[in-house]
Each structure stands twice: as structure tokens, then as C-alpha cells.
Amino acid sequence: MMNKYWLTVTACTLAITANAQQKALTVSDYERAESFMSYNTAKYIDHANVQPNWLEGDKFWYSTKTNGTEQTFLVDPAKKTKTPTTDYKSGGEMPARRMGGRNEVSSPDGKKAILIKDYNLFVKDVASGKLTQLTTDGVKDYGYATDNAGWKHSDAPILRWSPDSKKIATFQQDQRNSKEMYLVTTNVGAPVLKAWKYPLPGDKQIATIRRVVIDVDNPKVISLNIPADPHRATLSDDISSSGTFDDIDWKADGSEVAFLSTSRDHKNEKFRIANATTGAVREVFEETVKTQFESGQGAINWRYLPASKEIIWYSERDNWGHLYLYDATNGKVKNQITKGDFVVSRLVKVDEKTRTLYFFANGREKGNPYFSYLYKIGFDGKNLTLLTPEAGNHQVVFSPSFNYFVDSYSQPDVPAVTVLRSIDGKLINTLEKTDVSRLTATGWKAPTPVSLKAKDGKTDIYGLVFTPTKMDASQKYPVIDYIYPGPQGGSVGSWAFAASRGDNQALAELGFIVVVIEGTSNPDRSKSFHDMSYGNMAENTLPDQIAAIRQLSAKYPIDTTKVGIWGHSGGGFATAAAMFRYPDFFKVGISESGNHDNRNYEDDWGERYNGLVENADYEAQANQNYAKNLKGKLMLVHGLMDDNVPPYNTLLVVEALEKANKSFDLVIFPNSAHGYGAYSPYMMRRRWDYFVQNLLGAEPPKDYQMKAPTAR
């Protein structure tokens, strides 16, 4: 009996040891996973990334690589030719137009540049370098053209030149009564205090802008005859999200400037036209919405057309983002231009001579509603024409004359084809077809696009599924949900082809199925779709994520008892919310740089998507209030010099978990901002280790060194 007992014990021990060895991942396992990162896949892709370098007469050259060898072609659209050439080389040998310095804004004619010095504006003569002072009353926290959205700030001036290079439209930004945010460095010796203006939702005083026009040639400041506006814009929570002063449109001769005034809660827009000489302002019309107004998806889509005294206006009043033609003299609608169950995302060209608009739109063609197509239509709403007919997401570069365009179209699982078309959409030449055969030979495969139902069981939602390239038919796999809940963007990001999307496929190679689901409440769909979580950002698309994973488990070998989730910023907020609000579904979470309490994040974000504090329950959305519900494994991560989402957001959750006697993991980057810079590869390795240990139940290789060439 004794011998039989010891034989049994020995057998069990050997089985346990073998199982433990089987569940230990090696350095080579991690190296194989890392081979799926973009810095390792890019070299295997041929005939990709056509970047036209335009020459006289709409000719252009571009370079493409095949197996590392570069070849350059000269394209003549008029002759419909594409010929090899050695006359040009990629790397910027073409003479660049002379621009101002990094913190200067050059005039359209390139002869002048505006800069900020001691809170005042100066104009620099580019040829001589001579500076002329334009304003004199700018002071600290009440400076001219100063850039501070709280989460984003720089020394570059925010302004818009008139087309004739004689005037600028800008503002004096009043932050004198705004609250400050504080961060301190970590170093030997006394820390350095970083302080800047950072209003929060509910603050009595936020930053405002006193709008001005400045005559640059004969220095004079003309104040516009209206009260100061809240520091708000229609594109996002910054007044320069478009890369310049948002919501400004000059008359060609510089005599008038049209602009929008946005209310603090983003519900009201006033369209105004100012006399650039006197500062008199004419109220043209206004639009008020129940939730939040936006002027487009990734671009500002309104235009002032002074020659015909008309306005192209963007509105979601019929539940879809569409263009309308207004009479600028009386503020009345002349006609709706675009109509139907689709979204105009970006207006790219207004041809006033032919009265034609060129624009991108989503959802009109069959298939994935996130694919973007180029169209044209008359001002009268007639002759809507699709210019890019192939199924997929279209990315377009127009020639200088606007007579031609280079169109690259692809899908997440279909590599790009790049063609040249005339502006009427006619195909002139196929330039390149992206070849991934060498990449496929390494074992790579594309993610699988999926269509699912949202939590309501009715609404279509879309996503991508990443599975291991070597699947075990007898095995069920833990699932990792990568999440970015928006509401200004989504988890998938671009729906164009990409050989690597972050570390999604790399994680899958370690033994997971990774899902990326675009939930409800994100843009590029109907207004009602985007507004589903308005007033409650804590929803975070989580009910949709859960519904999607359950649906996917019927098709894929997903173990729904082992669900992990991770995300950064808004995704960090969503991850902690998932772990606290759905603790029986989500078992392992990694929450990076999350805005866990939107009362602790800059004023415009929460007030745009939740509404003003007095009208929304911010307390009920704060993650720290649910920390006591934690059951699974949670890693919290933050940079202590994060000037976007202050680290106190995560520390509130840390404190709540400690009060609730909950175990958790914490990774701090003492001197990192919102992203982790040089520490990003370290964070990725920690992420892999955490899921391998806690979701896969395996042992990772100790302190694996990522081979990323640069901080990502």
C-alpha cells in the first residue's frame, strides 16, 4: 500500500510539474509575440505609402519600396503616364516653402510671422528678422493668442491670418480667475513645481476669450463689439484642434471675418460676422441643441461665402450630420444640401464657381458604416456623385489645382490599393497595390472584422478580433478587451489597413483572443447613436462590450470566465469602471492614465459630454466610489507629470481601494506625462506579464527586454 501511495503522489507531482512547465512562457515566446509589433512588420510590406510630391502642372513623383529597395516614379496625370525616374529622392530634397519658427505663425504670403513675447504679439519681417510690437496690454494670465486648453498648452500663438496677409483674428485670453493645477518633479533635491491654469467642471470662473482683429501693417487692435466668449470651440475641447484658430473664416479681402461663439455647455452656437475695420458684429443666426453641438467629425464643416452672401452650415438636426445652405443676409435656410441616413464627416472643397461641394461621408454605402468615401454634390442638393466607388476606407490627397486626387483605399484585413483619379472620379492610373506576401510568409495574419449587436439587441456595432496565428482546436482562450470609449473617438481608430495595431496581435500570440469593439456613443454614426451615453460617461460602452464578447463566444473559442480589459486615458477610466461595476465578468484589468473622476479633469471635457455640473450627476460616475466592489486583479498606472489627466485621478482610486482593504497593483512613472515616452516598452512588457500571470495562469519570462527601437 505504501509503495502504491508513493507512486500515486509521485505521478501527481510529475503531472503538476509538467503542467507548470507547460504554462511557463519563454523568452522566445515573447520574441515571437514582439515580431508582430509595427517596428518588426513594416519591413515586410511592399508597395505601400504613396506620398505624392507635387510639381508644376499637377505632375508628381513618389517613391515606393520593394524588399527594401526604393524605386521612384514620375506621374503625369494629363498624359496618364507613370515612368521610373532617378531625378528625385525621398527625404525632402524638394524646396520647402519658407515658414516661421516653431512658435511662430506665418502669413499666407510667407513674408511675415507672428509670435508671442511677454504675453503680447509681435510681427517679424521674415526677410530682415525685424520685430514690430502689435499689442501692449497683454499681461500674465491675460495674454494675446495664448494657447492653453488645460490638457494642451504651448508657446505658439493661436490666430488666423486674413488671406491678404494684412490682418489677424485672435483673442486676449482671460485666465486671471481660473484655478491652477499643480505637479511636482521627482529628483534629487527639492522638487520643481509645475503650475498652470486648469479650470475644472463646475468652477465658477473658466477661461474666456476677448475677440480682436489686429491690423498688422499699421499696428492697431480692433476689439469685436461683443462680450468675451467662453474658451470653447465646435470641433473638440480645444480652440485650436484644427491646427489653427478654430471656427474662423475670413473674407478674401480681409474686410470681414465670420466666426462662431460656443456656449460653455456646447449647446448653443451663434454665427456672427464682424467688420474687421470697426469691430461691429452682426448676429446672423444661432442653433441650439439638447446635448452638444459639433461642426463635423474630425474637421470644421461650415464655410462663409461672402461673394454670394451664403453660408455652408453643418448640423445634425435631422439625426444625421448634414450640410445646409444659408442666406448670410437674413440667416434663413435656403435648402438642405445633403440628406439621408449617412454622416458628412469632412467638407474638403467648396467650388463657388460651379457651386459644387466635395466631402467625405460615412454610412451611405453598404457594409461597414465607418468606411469613408469621397462625394460631390451641387449647392442645390442635386447630382450627388460617389467619386471613390471601391469598398473600403478611402484616404485622399488632392493635387494643387484640385483637378486630380490620389486615392488609397483599404480595409482592416485588405491591404491598400492606391490609384490616381480626375476630380470627376474617373480612374486614370493604378499606382500601387500593397503587397503583404512577404509578411504573410512570416506567419502574420490580419484581424477579422466583425458585426455584432449592441446591448439593446438592435443596434449594429463593429469591431476587430485578433486570434493566435497558431490555434489549438481543443482549447478555449482567455479574452482581452482593448477599450477606448470616446465619446470623441473609439477603440478601433482608423478603419484603414494596418499591419500592426498596437500590441493587439502580439498579445494574441501569447495565448489570448483580443477584441476591439466600437461601442455605442461614439462618433461617425447618427446623432442619437453618439448621444446614447450623454450625461453618463461612466457607461463607457461597457454594456456593449459585454454583449459583444458573449456573442463572439458563440463563434470563437473564448472562455468567458477569463475576461481581461485594458485601456489608456479614457480607456483607463473605462477599465477601472469595468472592474468595479461588472466584477463578475471582468477578471483582470490594466487601467492606464485614467480620468477616473471627471470633476478632476479639465472643464471642457465633462461639460461637453456630461453637461454642466448642476445638470449632471458627476458623483455617480466617479470610479473611486465603486472601488469597494473590486474582486479581480487590477493594475493602476499613471505618470506623475501628466498635464493632460492629472495623476490625482488615479490616486483617488488608490485611496478608495486602500480604504476598502482591497489588493491591487500600482505602476508609477515619476517624471512621465500622459504617455510614458521612453518607458512605453517597459509598460507594454508589464502589461503582457500581468495578463499572462493573472488571466492565462502562466509564468512570463523574467524581466523580458522589449526591442522597440524608439519610445512609442
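**Entry 1: a network**

I began with charged side chains and found Arg-232, Arg-264, Asp-603, Asp-604 and Glu-607 linked in a network of salt bridges. I note here that the model is predicted. Side chains of opposite charge can pair when their charged atoms come close. I then searched the whole structure and got 36 salt bridges.

**Entry 2: Asp-46 and Arg-438**

Asp-46 makes a salt bridge with Arg-438, and their closest N and O atoms are 2.9 Å apart. I checked where the two partners sit. Asp-46 is in the loop between helix 3 (38-41) and strand 1 (53-54), while Arg-438 is in helix 4 (residues 437-441). The pair is 392 residues apart and links distant parts of the chain.

Is Asp-46 buried or exposed? Asp-46 has 4% relative accessibility, so I list Asp-46 as buried, because buried means under 20%. Arg-438 has 23% relative accessibility and goes down as partly exposed.

**Entry 3: Lys-124 and Glu-104**

Next I looked at Lys-124 and Glu-104, whose side chains meet in a salt bridge at 3.0 Å, N to O. Lys-124 belongs to strand 7 (residues 120-125), and Glu-104 to the loop between strand 4 (81-84) and strand 5 (105-106). These parts are 20 residues apart in sequence, so the pair ties them together. I wrote down 22% relative accessibility for Lys-124, which counts as partly exposed.

**Entry 4: Arg-317 and Glu-287**

I located Arg-317 in the loop between strand 24 (310-315) and strand 25 (322-327), and Glu-287 in strand 22 (residues 281-288). The pair therefore ties together parts that are 30 residues apart in sequence.

How do the two partners stand for accessible area? Glu-287 is buried, at a relative accessible area of 9%. Arg-317 is partly exposed, at 40%.

**Entry 5: a nonpolar patch**

Which residues make the nonpolar surface patch of about 450 Å²? I found Tyr-182, Val-184, Leu-193, Tyr-648 and Leu-651. Strand 14 (180-184) and helix 10 (648-659) are the elements that each give two or more residues to the patch.

Val-184 is placed in strand 14.

Terms used:
Residues numbered from 1 in each chain as written. Predicted model: local features only at pLDDT ≥ 70, side-chain atom pairs only at ≥ 80, totals over all residues. Heavy atoms only, no water. Salt bridge = Lys/Arg side-chain N within 4 Å of Asp/Glu carboxyl O. Helix = DSSP H or I, 4+ residues; strand = E, 2+ residues; numbered from the N terminus. Buried < 20%, exposed > 50% of the residue type's maximum accessible area, 1.4 Å probe, protein only. Patch = residues over 30% accessible without salt bridge, like charges linked within 9 Å, V, L, I, M, F, W, Y side chains within 5 Å. Areas by Shrake-Rupley, 256 points an atom, 1.4 Å probe, with all protein chains shown as cover.
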